[in-house]
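Have a look first, and then we can go through them together.

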Amino acid sequence: MPEARVIPLRRDDDEPFVSPAPAPDWEEQLAGGLDFLERRFTGAYETDEFGFDPDLTDHLLLPVLRPFFQKWFRVETFGLDNVPADSGALVVANHSGTVPIDALMATVALHDEHPASRRLRLLGADLVFDIPVAGAMARKLGATLACNEDAERLLTEGELVGVFPEGFKGIGKPFRERYTLQRFGRGGFVSAALRTGAPIIPCAIVGAEEIYPMIGNARAAARLLGLPYFPITPTFPLLGPLGLVPLPSKWLIAFGTPIETASYGPAAAEDPMLVFNLTDQVRETIQHSLYQLLLRRTRVFGR
């Protein structure tokens, strides 16, 4: 079996300091906002075949997420140089947090902090796209269904694809199992990488487990609402809407050394043993890296 690799924890900001460009004044901001509104009303914007809307993403969705990334969770990133600048790759990450905010923070990290401002095209479960408003916004942000066909098309087109193989088992696990990876399914993401020759980039995310510590699961309510789980946390539903505010935990996101797949050839996707071994390698790499990040994080709720 291929050996698991530990993600090197080298800060991506260990470079010569460059003074940031001055922030645009209020007149420029107003003009930009008016231009954005004009494009929305006149339809002068484009979406791709999956529904991705770069104009809405850059001018509305990312600005909404950015304060959480920068100020609330104070996200630090590592290993961004492991993510290719202009070719397809499959980013595989652990999943946690009761609500999939980790996927959104990874999206901001790659867009804002990668030198090439890479866009992460997330793969989501059917339930995500069935939720009113949220499902439509997920499409606008670039997400699509978690199926091999869509993943392979995006990878072939040179896109950066994000997958969370634990699915609802990961984000809906109890707090006592925090940072313990759940089963990775049948390795569909490995098959997609093998068929397209795209490298697999293990990604470890620390911080999401603490935003909504899940201490219970109201299964009757979950069945009634058609949800995989109904979380009970120290603040929800006890505090009502206030309990929906995520706790400001400290986040670390590390992108590991790419696992090459091109040398195997597309036919290797039909080899169940190889798919199993690569899936296990990715899982073990992420698990080891989670332990490494936890040792590096000195405080759960602080800098």
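Q: Where is Pro237 found?

A: Pro237 sits in the loop between β8 and β9. Helices (H or I, at least four residues) and strands (E, at least two) are DSSP runs, numbered from the N terminus. A word on the ground rules: this is a predicted model, in which local features need pLDDT of at least 70 and side-chain atom pairs count only at pLDDT 80 or more, while totals for chains, interfaces and linings use all residues. Residues are numbered from 1 along each chain as its sequence is written, and side-chain values use heavy atoms, with hydrogens and water left out.

Q: What joins Phe236 and Pro237?

A: A cis peptide bond, with omega at about 5°. Most peptide bonds are trans.

Q: Why is Leu242 called exposed?

A: The relative accessible area of Leu242 is 57%, and exposed means over 50%, buried under 20% and partly exposed in between (1.4 Å probe, protein chains only). Therefore Leu242 counts as exposed. Leu242 is found in the loop between β8 (231-232) and β9 (252-255).

Q: Which residues form a nonpolar patch on the surface?

A: Phe68, Trp72, Leu238, Leu239, Leu242 and Val245 do, with about 590 Å² of accessible area together. Patches take residues with over 30% relative accessible area and no salt bridge; nonpolar side chains (Val, Leu, Ile, Met, Phe, Trp, Tyr) are joined within 5 Å, like charges within 9 Å. The areas come from the Shrake-Rupley method with a 1.4 Å probe, and for residues only the protein chains shown count as cover.

Q: What makes the pair Asp55 and Arg39 a salt bridge?

A: The closest N and O atoms of Asp55 and Arg39 are 2.8 Å apart. A salt bridge needs a side-chain nitrogen of Lys or Arg within 4 Å of a carboxyl oxygen of Asp or Glu, so the pair qualifies. Asp55 lies in helix α2 (residues 54-72) and Arg39 in helix α1 (residues 26-42), so the pair ties together parts that are 16 residues apart in sequence. By this rule the count comes to 16 salt bridges.

Q: Is Asp55 buried or exposed?

A: Asp55 has a relative accessible area of 13%, so the label is buried. Arg39, at 22%, counts as partly exposed.

Q: Which residues are linked with Arg39 in a network of salt bridges?

A: Arg40, Asp53, Asp55 and Lys140 are linked with Arg39 in that network. Arg40 has its place in helix α1.

Q: Which residues in α8 meet α10?

A: Phe189, Val190, Ser191 and Leu194 meet Leu274, Val275, Leu278, Thr279 and Val282 in α10. Contact means heavy atoms within 4.5 Å.

Q: Why does Thr98 count as buried?

A: Thr98 has 9% relative accessibility, so it counts as buried. Phi of Thr98 is near 70°, a positive value in a residue other than glycine.
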